[in-house]
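Please look at how the chains of this model are arranged and how they meet. The account below starts with strand pairing, then turns to symmetry, the interface and the domains.

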2 protein chains.
Amino acid sequence: MKLRQIGELKLLQEVRKKFSSTDSSIIVGIGDDAAVIAPQKEKILVTTDMMNEGIHFDLSFTSPFHLGFKLVSVNVSDIFAMGGRPKHLFLDIAMKKDEDENTFWKMYEGIFSAMNIYGVSLVGGDLCAAENDMVLSATIIGAGDKTITRSGASPGDKIYVTGTVGDSACGLEILKRLTDESKEIIKNLEYWSIGVLKSKDIIEKLYFHHSITPSPYSNTIDWNIAEPLIRRHLMPVARDSAEIANYATSMIDISDGLFIDLCRICDESNVGARVYLNKIPMSDEMKKTAEIMKLDPIHLATSGGEDYELLFTAPPEIKFEIRNSKFEILKTTCIGEIIEKDRIVVDKSGKESALKTEGYQHFGTSG
Amino acid sequence: MKLRQIGELKLLQEVRKKFSSTDSSIIVGIGDDAAVIAPQKEKILVTTDMMNEGIHFDLSFTSPFHLGFKLVSVNVSDIFAMGGRPKHLFLDIAMKKDEDENTFWKMYEGIFSAMNIYGVSLVGGDLCAAENDMVLSATIIGAGDKTITRSGASPGDKIYVTGTVGDSACGLEILKRLTDESKEIIKNLEYWSIGVLKSKDIIEKLYFHHSITPSPYSNTIDWNIAEPLIRRHLMPVARDSAEIANYATSMIDISDGLFIDLCRICDESNVGARVYLNKIPMSDEMKKTAEIMKLDPIHLATSGGEDYELLFTAPPEIKFEIRNSKFEILKTTCIGEIIEKDRIVVDKSGKESALKTEGYQHFGTSG
């Protein structure tokens with residue numbers, strides 16, 4: 001059934017029924033003029049992020065489930081990046097009137113799946129028609145006692161990054177090059193389960209579009225290599241900062257790229273940074289794919305956006321190795337140090353050059 | 001200059017510079033991953049509303065200033081409708097890359113103008129590109145001790161409405177019928193000052209498009225009659241509920257129409273209502289315009305949306321007459337009473353019939 005045949009009120013009633021929360025801090029949830037949340041003793045954290053069709057996502061390879069999941073993750077990531085805990089979710093969703101009901105509910109399944117991971121409750125929002133493009137916007141309210149801004153880094157602090165970087169940008173490069181048939185497979189994947197994207201059929205390879213052959217690289221890629229990268233792009237999982245927040249002096253989540261986001265810490269903290277290229281953590285899958293696709297893995301890792309890893313600084317006496325987060329074992333890697341003023345990159349041979357952020361928009365999809 | 005020539009970062013820096021708040025409750029404002037607000041002793045109210053080009057607004061007669069102003073008002077109205085005080089504003093704005101910088105800043109002027117009226121601070125948001133349609137979404141965080149929901153009405157309570165209803169829908173009917181030249185005049189009005197829309201030139205009449213002549217009504221309308229109605233549609237002012245909240249048992253703001261919004265109170269309170277048509281407050285300008293345009297004023301008043309008046313119930317012993325609000329003298333009118341179960345309309349002659357909400361979407365512009 002088309003959305004216009006169902007109507008806004010009926011859809012909202014259904015959402016209210018399906019996603020009503022039992023969170024005791026919610027005094028008034030979905031269904032009134034505004035939500036009412038009990039007073040809280042901690043500081044209130046608020047973030048909002050928008051995702052627009054054609055700008056932030058491409059429906060030729062993105063399923064509504066992925067979209068819903070990612071919408072929650074990118075907002076949760078901003079709360080984690082402040083050292084807070086995400087609590088309450090508000091949604092603004094605009095879809096075309098002739099959109100199928102199924103699209104709507106699949107998107108809500110993705111939203112709900114992410115809500116469960118992060119322990120977030122849906123408390124309110126707005127649902128309306130769109131003339132052309134689908135638009136998703138979310139606001140998350142969180143709480144935290146100690147909040148970590150971008151402005152607390154001092155010379156001498158070490159610079160750390162969680163996980164690996166460049167995976168999401170590499171996943172997007174794969175997705176953009178796929179044949180229509182391979183894109184269709186991605187769109188129709190069974191949803192995320194125990195950390196991998198699944199299909200009803202066994203997938204061995206994905207195919208690249210013939211327009212890029214005679215190709216400088218292979219016209220296929222193994223599923224086992226592509227899957228973790230594609231998943232990082234379509235369904236990023238935000239990194240819980242609970243432990244990191246005890247030590248970090250400044251923090252940001254990597255949404256636009258490692259270097260551009262490091263520069264934001266430098267700008268706000270009024271400091272410089274020295275980064276060692278050979279220390280930047282990269283996944284084997286990303287390095288392998290970059291080789292197949294003749295891309296520069298260092299460029300993907302330093303300028304690729306949407307990894308949603310945490311980039312933070314901490315005093316040198318703190319030793320980070322492997323730390324447990326709520327969701328997984330979170331690896332952190334020291335990639336350099338905060339210095340007085342300059343922004344410097346050190347290459348494999350030890351040669352220093354100025355850190356450049358040009359080109360990050362080639363991979364960044366944020367507008 | 002086009003927005004793409006300026007870039008998101010530069011625009012955000014400018015917004016941060018121009019709209020930085022001195023509100024002491026804001027610990028971290030614009031420019032970090034999330035905003036941080038000091039803990040508050042009162043309950044936290046949150047509302048979010050989206051406005052989409054082609055669905056909620058028509059750029060042929062709506063200026064960016066009007067849009068910005070209305071975006072804030074409709075969200076503030078939701079906070080007032082709960083009996084709360086609006087405090088912190090978050091914006092998600094999507095505009096085409098080739099949009100002129102001027103459009104962006106005019107919209108912010110409208111936002112800022114409304115922020116000043118309501119005493120709201122801009123604390124964060126997201127700015128991104130749109131493929132086709134302009135999309136504006138706002139979230140407002142408010143505070144309040146006593147919150148008034150839609151569910152507290154009891155049989156015997158009187159039903160009240162602030163101001164007059166049907167003005168916004170009537171204003172929209174005027175706007176839709178205007179010639180391109182008259183639309184252009186409306187778009188280029190000097191901004192709201194001491195309660196009226198102004199023009200550099202003296203406007204005496206607005207002209208209706210010839211496609212609706214030979215017309216059942218006049219092909220012009222006097223500016224003095226049209227202006228208050230058009231203003232109510234383009235730049236609604238939310239009604240401060242501070243005094244009303246001391247007495248009200250239930251409350252809602254009229255966004256979709258008097259009858260549909262009254263039915264929402266009935267649904268949530270599990271009660272009925274009896275409404276007297278001859279008591280519904282209508283402005284002289286609306287009645288006169290309805291006559292000129294051969295429209296039913298009662299239909300406009302009961303089914304027209306976007307008045308953003310407050311509809312509330314209060315025990316019969318409370319006498320509401322004229323009450324001062326923060327912004328203006330707020331007239332309240334008793335239009336009926338809450339009863340056990342049925343929803344009844346009483347006409348001029350005293351004849352009762354079932355209250356019908358059909359047709360409200362003809363005038364409602366919310367999706």
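Two strands count as paired if DSSP finds at least two bridges between them. In this predicted model, β2(A) is joined by three bridges to strand β3 (residues 43–52) of chain B, and the two strands run antiparallel. Within β3(B), I44(B) is the residue that stands opposite I37(A).

How are the two copies related? In general, two copies of a chain are related by a rotation about an axis and a shift along it. The same surface serves both copies, since 100% of the contact residues of chain A recur in chain B.

The contact between the chains takes 56 residues from chain A and 56 residues from chain B. On the side of chain A that touches chain B, the elements giving two or more residues include β1 (26–28), β2 (35–37), α3 (64–80) and β12 (250–253) of chain A. The largest share, nine residues, comes from β3(A). By class, this side of chain A has 25 nonpolar, 16 polar and 15 charged residues.

Within the chain, the domain assignment of chain A gives domain 1 (3–144), domain 2 (158–169 + 236–362) and domain 3 (176–232). Domain 1 of chain A gives six residues to its contact with domain 3 of chain A, which gives five residues. On the side of domain 1 of chain A that touches domain 3 of chain A, two residues are nonpolar, four are polar and none is charged.

Methods:
Residues numbered from 1 in each chain as written. Chains lettered and ligands numbered in written order. Predicted model: local features only at pLDDT ≥ 70, side-chain atom pairs only at ≥ 80, totals over all residues. Contact = placed C-beta atoms within 7 Å. Domains from an automatic or database assignment. Nonpolar A, V, L, I, M, F, W, Y, C, P; charged D, E, K, R; others polar. Helix = DSSP H or I, 4+ residues; strand = E, 2+ residues; numbered from the N terminus.
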